[in-house]
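I opened this notebook to record what I looked up in one structure. The entries below follow the order in which I went through it.

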Amino acid sequence: MATEGLLQVIHSVSSSENNFFNIYVEGLDDQVFGMQADRLADVIQNISSLLSKSATRLLGLRLMNKFLDQCSEDVFNKTGNLWTSLALKACHAHMQPNESVLAYEALGKITSKSLQSADLTKSFASTHLSKIYESLNYVPAESVSCALRCVEICLRCYPASSGPSRKTIEKFLAKFHDSLDSDIVAYNGKCLHLMQQVSGGEVRSSSHKAQWKNYQTQLVGSIHAIFNDMFAHCNEIWDDNILTDQLNMEKLVLSDEPVNRSAQLYIRCHNLIQYLIAALKEPFPTEKPLLPKTLLGVINRGLSVTLNLLHQNPITDNIAMALLMPKVHIDLLHLLDAVVSILRGHILPYYNLILGLLMDIMKATSVTEHSGKQKPFALLRAKIYDSISLWCKIQGSSSRCDSIAEYLINEILTDITPEQNELTLQVCAGSGKHLSKKMKRQLHKAQNERSNITKNSVKSAKNSLPQRDDKNHLVTIAALRCLQELLLSVASFLKPTKIKLLQSTLVQICSNFYELAGDMGQLYSSAQCRLEIYNVLYVVVSTPHHLSPPPMDLIMSLLNHACCRDGNVKVRNQCARIVQNLEKLIHPQKESLVFPIDAREIRNAFIMLGQERLLGDSTALNGFDDESEVENETCESINIEDNEAENEKSQEGNMDIIPNDEIINLADNFVTQVVDISSDNDDEEIEEQANGDDVQVVENGTDGNDIELVENDRDDNVDCQIVSPTMENGNGLTESNRAEDHFNENPKSPDIVLRVEDCDSPLVQHVDEVAQDEPCSKKPKIDDSNDIENIDDEKLLEDIAASFVDDLA
């Protein structure tokens, strides 16, 4: 009962005079298609019963179109053949326009879904497909678009089975070669393209390839044939061979009236170009052999005929054709875009021809002065900018647009600069004071013509009321987008002067948006224009010129100002995103550089400078280096003997005298040695020094000028000894005694590197051959025989700290 009540409600609102069906039909998704299988069968049965009756067929077609979008594969396999037969009943000789539209729409959906089941595919191709093609003879004008859409789907799904009905399909498609409806022209072009794989049964792929190539040449030949009639009364500069192959279509019957004849020629030319674009873009089961030279030839011929060429012979035909030539040029530019998009890098050998065509048509549409609000040839200029943008975007840095960049940037700046009402004041020179009135007028006229201010300005303030500048906005938007792609592709090849001019113009335009709103005019009242010019600023910063860097401070200020002041939320959000990206460019994130540092090197650096107390607990440093930690566990404490006993023992040997110059040389060649400690017992006594020549200690001679060499008796295991001055402090303790106390406080001190820094200090002279295998068991001797002046402790620490900083640097 609920299902019958639901269908009754839908039936009451589906009448032709009631427009609420689309509102209620949306509820079918939840209430009808979510039913159980047994209840859903009742709905399907009711839809079938509605389709079988002529009085309720319109309601049934509406419900069936809605149901086909949601039904499952199992349900469609059961009802597909039945619903196809019921839908074909609406396609008869006396069909109603409303029913035929819904019927062809439903047949297109059924055709697409029929490929899901092998049985349904076979029955549809053998039974229903031919009936659909036969119904094309009775299609009313209101349902032509839906019928062409249905034919396209049938040709795409069943190309081989459509062969027997080829004549019927061609006859139906031939009716719309001169149609003015853009949808009908587009569907007709797709159907003609798909017909190239229909030849009556199974066809090999090689035949498809050859057939498509013939179709391409026939389309180009048909366009040339139309050009012959369009340009019959002007002197063309085209001298290339023209293809004579044409499509098998009804010959165009031209009117005797020149105006009507020009319109007929334009409509046929426009439709043929759309057919060729569809053939290039639409997919095909085999590879398509494109002929770039042939395609560029027809484009070149059409674009080479300009308005000036037609106006050379001002007859009615040429004047009427001149009014339609901008539209023809736009169609040819669309064809050029299709060729560039498909061939991409393969079209690069023809870059001279393509860029030359674009610049010629750009120069033909350039008008320095105009009296109206709308720019002349606005749509054509916008399309030229779009074509250049596409070329730069596809080819990138290999676009070769650097050859046209200078002229193109001048044209872009002309189109993006808003026109303003200005007044020019002329001051007569003193030399013209004695001229006649006639000569003064001529002088003033010449000065006005040479003035840069009046050339690009509107001389009068008429038509001050706000008007719609839709075409001007289109030109500005297209020019700004073209400038973005141009900078992305060839910015590094531009001249610095041109880059500076571009930057200054963009900054000047943007600076007047909010502070001087009246100067913005009608051009940048469009939010899309402001959005594109801010995108250009971002491209200028992201692609800087190596000889002309962008003004970052001004650009950032303008973007931040736009984030707060612009009235359009889309522009504000885009400016905020640009600012975030530029912040990353100006202040990039730097990776932290971590260099591994050996803990032993740090300890040795402090010990060399005598700052062992800054190390603190030695075990804290040992944690940085596992190897040092193992060595420190095996090291034993080192005891320093009394300095006076060591000095007496060191003076027992023979003494030789060494000059001071040799001492300085010894200091330069001194190599630091590492004292390795490897004793096992902490209480081991220091062994007696044996006589050896490993290290010789020097001291001042008796005469005060020479230094006597002192041979020390010590053990051979000692690698080196150092002689340092001793100082007595006020407490009677020498500096060596204080060092001894310090070393006794740190019995497990790490390995020590000894180095001599000052040549005036007592030096160490060591032998080259040093036993590397035996561990060191002796602490260096300290000599206190030299008398040195007392040094302030604070000054010493400052010197040591400065030296420590220099060593680390």
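I began with Arg 156, which is partly exposed at a relative accessible area of 38%; here buried means under 20% relative accessible area, exposed means over 50%, and partly exposed lies in between (1.4 Å probe, protein chains only). I note that this is a predicted model, in which local features need pLDDT of at least 70 and side-chain atom pairs count only at pLDDT 80 or more, while totals for chains, interfaces and linings use all residues. Residues are numbered from 1 along each chain as its sequence is written, and side-chain values use heavy atoms, with hydrogens and water left out.

Which side chain does Arg 156 meet in a salt bridge? I found that the partner is Glu 152, at 2.7 Å from N to O, a salt bridge being a side-chain nitrogen of Lys or Arg within 4 Å of a carboxyl oxygen of Asp or Glu.

I then followed Glu 152 to its other bridge, with Arg 149, where the closest N and O atoms are 3.0 Å apart. Arg 149 and Glu 152 both lie in α9 (residues 144-157), 3 residues apart, again about one turn of the helix. Glu 152 is buried, with a relative accessible area of 3%, whereas Arg 149 is partly exposed at 36%.

**A bridge between two helices**

Next I looked up Asp 337 and Lys 383, whose side chains meet in a salt bridge of 2.5 Å, N to O. Asp 337 lies in helix α16 (residues 316-343) and Lys 383 in helix α18 (residues 378-395), so this pair ties together parts that are 46 residues apart in sequence. Both Asp 337 and Lys 383 are buried. Returning to the trio, I recorded that salt bridges with shared partners join Arg 149, Glu 152 and Arg 156 into one network. A search of the whole structure finds 14 salt bridges.

**A helix pair**

I turned to helix α6 (residues 73-88) and helix α7 (residues 97-113), whose axes come within 10 Å and cross at roughly 150°; axes are lines fitted to C-alpha atoms, for helices over the stretch in contact, and angles run from 0 to 180 degrees between N-to-C directions. That makes α6 roughly antiparallel to α7, a term for angles over 145 degrees. Phe 76, Gly 80 and Trp 83 are among the residues of α6 that meet a set in α7 including Ala 103, Leu 107 and Ile 110, where contact means heavy atoms within 4.5 Å.

**Two loop residues**

I checked two residues for phi, and Arg 344 has a value near 50°, positive in a residue other than glycine. Arg 344 is found in the loop between α16 and α17 (351-364) and counts as partly exposed at 44% relative accessibility. Phe 377, in the loop between α17 and α18, has a positive phi near 55° and is likewise not a glycine; at 26% relative accessibility, Phe 377 counts as partly exposed.

**The whole chain**

Key:
Helices (H or I, at least four residues) and strands (E, at least two) are DSSP runs, numbered from the N terminus. Angles under 35 degrees count as roughly parallel, over 145 as roughly antiparallel, 65 to 115 as roughly perpendicular and the rest as oblique.
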